[in-house]
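Student: I've got a protein chain here and I'd like to get to know it. Can we go through it together with some questions?

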Amino acid sequence: MATWEDSATVAYKRWREPDDGGPDFVAHSDEDFATDHEICTVTAATRPQGTITLDEALDAIGFGCFQWKMFFLTGLSWIADAMEMMILSVLGPQLHCEWRLEGYQVAAITSVVFCGMGISSPLWGKLTDKFGRKMGLTLAMAWSFLYSLLTAIAPIYGWLLFLRFLVGVGIGGAPQSVTLYSEFLPSKSRGVSIMSFGVFWALGALFQVLLALWIMPGLGWRWLLGLSASPMALFLCLSYWLPESPRFDMLMGRREKALKTLAKMAKDNGKEMPEGQIVSFKLNQRGQVLALFKPQYLRTTLLLWYIWFTIAFSYYGIILLTTEMFQSGDSCGATQGSKNDPSCMMECKYLTPDDYKDLIWTTLGEFPGLIIVLVVVDCLGRKKSLTLCFFMFSLFTLSMMGCIGRTGLTIFIFIARAFITGGYQVAYVYTPEVFPTEARAIGLGTCSMLGRVGALITPFVAQVLLRSSVTLTVLVYCGFSLVAGVASLLLPIETLGRTLQETIPNPELAEARRRSKSETESNGMKDSRQ
C-alpha cells in the first residue's frame, strides 16, 4: 500500500475531470480488479473518474433506521453524563446538612468531578483518535459506572471526594459519543441531528431531579447515587452492537471493516450502496495535540477553548445558582446575614419538595432552548447562533440582580438556562464539524477539558462568592458570556453546509499544486498556438 506523506484537502464534489488522473495518481485497492463498492487508499490530492468520497457515500445512504439506532444507543451515554452532573446540585445541600460541611467543602464536591473531567477529556480524545471511538466511549462508561457505585458507599468525606474525582475521570470521555455519532451522519442531516442529541441531556437532567424527588425523602443520597448509574449499565449491556466509525476504520487502513459498516448502513436504511470506489486517506499519525496549533486551526482552537470554558462555567453556574437562590427564598435573601453572622455559613437547609418542583421547572427550560437553536442554527449559522445564545443568557442573568421574588427568579432562570443550553448544543455541533477526522476527537477532547476547567471554578462563584455579593456574582457570569459572544463572531470558519474534513489541509502543498496546474495550462496554450 502506498503511504501518503503530505496532508491534502479532501475534494467533496464528484470528480469530473475528463482525464483518468494521469501518472500523478497513486492508489491501491482491495483487489487487483476494482469492484463497484470498493475502498481505495489514495496518496495524492486528485482522484480519477469512478471514485467517491466517504461523505458522498454517506449522503447517498442517507439518514434512516441505522442512524436512529445510533441516536438512541449513544444517547444513553449522554443521559448518564447529564445525570452525574445534575446530581451535584442535589448532593451538595444534602451533605452540607448530614456531614456538617462548610461552604468550601460543599463546593469541592462539585469541583473534584470537573477536575477529573478536565484532566481526562484530552486523554480520552487521544485514546479514541488512536484506538477507536467505540473502544474509548465504552471504556469511559465502564469506568464511570464502577466508581459511581463505589461513591454510594463512601464512608467519609475524603473518600467521597476521591471517588467523585474518579467518576469525573470517566465522565470526561462521554463527549466522544458526539464524535462517534457525527461520523455516521450525512452532511445535510448533521446539524439538526447533533442538535437533537441534546434532548438526551435534557431528559437526563430532568430524570435526575424526578429521581431525587422520589428517592431522597425515604432512601437518601446513597441510593440516589447508585440508581443514577443505571443508564451507564444499560449502555454497557448494549455496547456490543455499537459499530466503529467507518471514517476511523478507513484512516486505520481497515478497508474491509469500513465497507462492511457502510453496507450495513445501506441495508438498514433500505438504500443501495453507491457505485464507485470510495476514496480513503491512510495516515500514520492521529490524535496529535500539535495538529490543533497548525496555522490553519490556531485561531479557531484558541477561540473555541475560551468559548467552551465560558459555556460550561455559565451552564453549571446557573444550575448551582438555582438551588442556592431557592434555598434563600428569593434573589435578595442569598446574602442576608452572611456578612454579619459567620454562623449562617453553617446553616443547614435541606431541599424541600417545593425546591425540587422549582428545579423541575427550571430544568424544563432546556427543552425550549433546544427548539430555539434547532430553528436558528441552520438559518443564522453556527457562529451567529452561539453569539445569540451568549447575549441572551447575559441579558436574563443580569435581571436576577433585582429583588424579583421566587416566581420571577424561576422565570428568569428558566429563560437563561434555555439559551445557555442551546449554546452548549451549538458548540457540540460546531466543534466536530470544524476539525478534521484525524484530529476531531482530540479537538473535542481539549475543548471539553477547558469546559471542565470552567465548571471546576464555577462552584466557588455560585456557592461561595454568592454569599458575599449577588451583584458581583451575576456580573461575573454576564461579563464572561458577553466576551464569549464576541469570540463566537470572530471564529474564522463557518461550518454551515460544510462537509467533514478528513485531513488538515497543507497550504504550501496546495499552493504548489495550484502553481503546477497553472504552468501546465500555460504550456498547453503555448503548444496549441504552435
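**A pocket, a helix and a valine**

Tutor: Keep in mind that this is a predicted model. Fourteen is the count to start from: 14 residues line the second largest pocket. Those lying nearest its centre are F66, W241, L242, P243 and K264.

Student: What volume does the second largest pocket have?

Tutor: In general, rolling a probe the size of a water molecule over the atoms shows where empty space is left. For the second largest pocket, the volume comes to about 430 Å³.

Student: How many residues of its lining are charged?

Tutor: Let's sort the lining of the second largest pocket by type. Seven residues are nonpolar and one is polar. The charged ones number six.

Student: Which helices each supply at least two residues of that lining?

Tutor: One of them is α2, covering 65–98. The other helix that supplies at least two is α11.

Student: What span does helix α11 reach from its first C-alpha to its last?

Tutor: Helix α11 runs over residues 255–268, so it has 14 residues. At 1.5 Å a residue, 20 Å is expected. The model comes close to that, with a reach of 20 Å.

Student: Which residue just after α11 takes a positive phi?

Tutor: Look just past the end of α11. The phi there is about 70°, and the residue is G270.

Student: Is V199 buried, partly exposed or exposed?

Tutor: V199 sits in helix α7, residues 187–215. Its relative accessibility is 31%. Buried means under 20% and exposed means over 50%, so V199 counts as partly exposed.

Technical notes: Residues numbered from 1 in each chain as written. Predicted model: local features only at pLDDT ≥ 70, side-chain atom pairs only at ≥ 80, totals over all residues. Heavy atoms only, no water. Helix = DSSP H or I, 4+ residues; strand = E, 2+ residues; numbered from the N terminus. Buried < 20%, exposed > 50% of the residue type's maximum accessible area, 1.4 Å probe, protein only. 1 Å grid on protein atoms, 1.4 Å probe; cavity = no way out; pocket = protein on both sides within 12 Å on 5 of 7 lines; lining within 4 Å. Points joined across faces, edges and corners; volume = space filled by probe spheres on them. Nonpolar A, V, L, I, M, F, W, Y, C, P; charged D, E, K, R; others polar.
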